[in-house]
Amino acid sequence: MTRLWSASRLTYLALTLSAVLSIFPIYWMFVVASRTSDTMGQVPPPLTPGGNLGANIARLFDNTDAYFLTGLINSAIVATTVTISVVFFSTLAGFAFAKLRFRGRNALLLVIVATMMVPTQLGVIPLYLLMTKLNWNDRLPAVIVPALVTGFGVFMMRQYAGQAVSTELIEAARMDGCNTARIYWNVVLPALRPAAAVLGLLTFMTTWNDFLWPYAVLNDPENPTVQLSLRALSDGYYQDMSQVFTGTAIATLPLLLVFIVFGRQIIGGIMEGAVKA
Amino acid sequence: MAVQLDARPPVAPAPRPTRPGLGNRLSRLDTKYSPYLFIAPFFLLFGVFGAYPLAYTFWVSLHDWDLLGAEHPYIGFDNYTQLLADSDFWHSVVNTLGIFVISTVPQLLAALWLANLLNRQLRARTTWRMAVLIPNVTSTAAVAIVFAVLFGREFGMINWLLDHVGISAIDWKANRFAAWVAISTMVDWRWTGYNALIFLAAMQAIPRDLYESAAIDGAGRARQFWSITVPLLKPTIIFAVIISTIGGLQLFTEPRMFNSGTNAIRGGPLRESQTVTMYMFENAFAPHYNFGYGSAVAWLLFALIAVVAAINVLLLRRLGGGSRKEVSR
């Protein structure tokens, strides 16, 4: 790559416009969340934050329809558990596919690629029946266990391990008498750390965001994930919009924080994945 | 999308130094079985909670199976026959396809344009990329609630803006086509920036000298974009279209949360914005809990996704057919 086209003023103008469109709904969410509920009827709509955020938060956490605090805690538990599990199993399997020799390797890898194309969301009905049998309905294992592995994660780690893990280092470790598990822990995992971090971030965000399956299987209004709390708020008979928006803002905040801190890595992960896929 | 299956040569079992028999045998067992042990968790968990439910959906769809019935007799393809004559089902199919078309086409064009803008010498490069990606990292349900208010009939900001250009208030939820537009806007808001970054990555892989020689031949920027960038991006575009098809035809959270209250899962009182996945949900879970019928919906949706994805790939192949040869590499 020698030289990129230079950016004209028009380029910056167009990009600024795109950025404003991207950010405005999020910004406005926080504006309404910080105002009183009569904001909705005002013309022109107010565009600056107000001073009512604390009161809105207090009312939100007292709302007996939404169980918002339980929802937040549940979502944190689910997303954290799933993230740790996906990263662990994906690095393990990705390492095996990239660096170990075994019969059926290529065929099994093809199966993994195929699973990425299958709309597993369409299997929710038998999954629901299965959860009924396991007596997991309305309980967190129902949303945790099916998400513990992803084909995407395995494939991503396998692609990265192919280039990032040194074959010589593995051989040297073996000569020193390391077994494969130790090689994974001491050689492979440290080398995979950057990609594993990106996978972890993406997994956390996807899991935090998950809606359809929790909605199907967690029917107890007292034990929701945060997205289900939002549903309860939004479907409520009496809608206090500043309170609903406080909920949406709090539910979005962890994702935004993750993104602001690790945005560069997340963008890198998405773009690298695009070239390799 | 070429999936490259062979990375670096795998590690051969290392030559083992002479050691007592037991250690030797253990180490041979280790190299032989560890790989399987490492990939087993994925296949076990995916098998039980991913593949089995999907296949079993078909089995359930062949039965008269609901929550309360103690038995669920085999009824062959009756669910499917009933479904094919079910106008509410077809209504949801039309909604899904309508939303899919009016969201995907502008979205991919806008993403190409945005990628082209980002593929320049920019100050604060990462900041711009973050700005266009930020919609993608928000909570879908939260954003759908926000958009539902933005598209409100009386106090919505969109209608307020439209009023300024002389368009009278639109009832975005009650008008079927307007509801499609509102939901498509939500989908595009979330995914345009993401696709732009995917396209940008592919654009950066195009060798610069192609553009330089085209410029020497007198091709302007627009010409270069359409006869170099776009043809070379075709595999990536096809990939993006397939992913959009799989995701778009299963659309659920946005239309579900765009509506609120008692008719929400129906997409409004007259099913103005009910997608197929919502129809599956309505039948399979609350209020009906008709697992057999819901499963039939799931399988027909599965078929629909496969057909639409295949059509898209064929169309895209033909549209850009041969253009790749024009750019001799």
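Me: At what angle do helix α4 (residues 125-133) of chain B and helix α7 (residues 176-204) of chain B pack?

Reply: Happy to start there, with a note that this is a predicted model, in which local features need pLDDT of at least 70, side-chain atom pairs count only at pLDDT 80 or more, and totals for chains, interfaces and linings use all residues. Residues are numbered from 1 along each chain as its sequence is written, with chains lettered from A and ligands numbered from 1 in the order in which they are written. Helices (H or I, at least four residues) and strands (E, at least two) are DSSP runs numbered from the N terminus, and axes are lines fitted to C-alpha atoms, for helices over the stretch in contact, with angles from 0 to 180 degrees between N-to-C directions. The axes of α4(B) and α7(B) are 7 Å apart, and the packing angle is about 135°.

Me: How does α4(B) lie relative to α7(B)?

Reply: Angles under 35 degrees count as roughly parallel, over 145 as roughly antiparallel, 65 to 115 as roughly perpendicular and the rest as oblique. The angle here is about 135°, so the relation of α4(B) to α7(B) is oblique.

Me: Which residues of α7(B) make the contact with α4(B)?

Reply: Two residues are in contact if their C-beta atoms, placed from the backbone, lie within 7 Å. From α4(B) come B:R129, B:V132 and B:L133. Their partners in α7(B) are B:G193, B:Y194, B:A196 and B:L197.

Me: What is the handedness of the crossing of α7(A) and α9(A)?

Reply: Helix α7 (residues 151-164) of chain A and helix α9 (residues 180-209) of chain A have axes 10 Å apart and pack at about 150°, so they are roughly antiparallel. A crossing is left-handed if the near helix is turned anticlockwise from the far one by less than a right angle, and right-handed if clockwise. This one is right-handed.

Me: How many nonpolar residues are in the contact of α7(A) with α9(A)?

Reply: A:G153 and A:M156 are among the residues that α7(A) brings, and A:V188 and A:T203 are among those from α9(A). Ala, Val, Leu, Ile, Met, Phe, Trp, Tyr, Cys and Pro count as nonpolar, Asp, Glu, Lys and Arg as charged, and the others, Gly among them, as polar. The contact has no charged residues and 2 polar ones, and its nonpolar count is 11.

Me: Which element of chain B gives the most to the side that touches chain A?

Reply: The contact between the chains takes 89 residues from chain A and 88 residues from chain B. Giving 19 residues to the chain B side, the top contributor is helix α1 (residues 21-61) of chain B.

Me: Which residue in β1(B) is the bridge partner of A:S6?

Reply: Two strands pair if DSSP finds at least two bridges between them. The partner of A:S6 is B:Q121.
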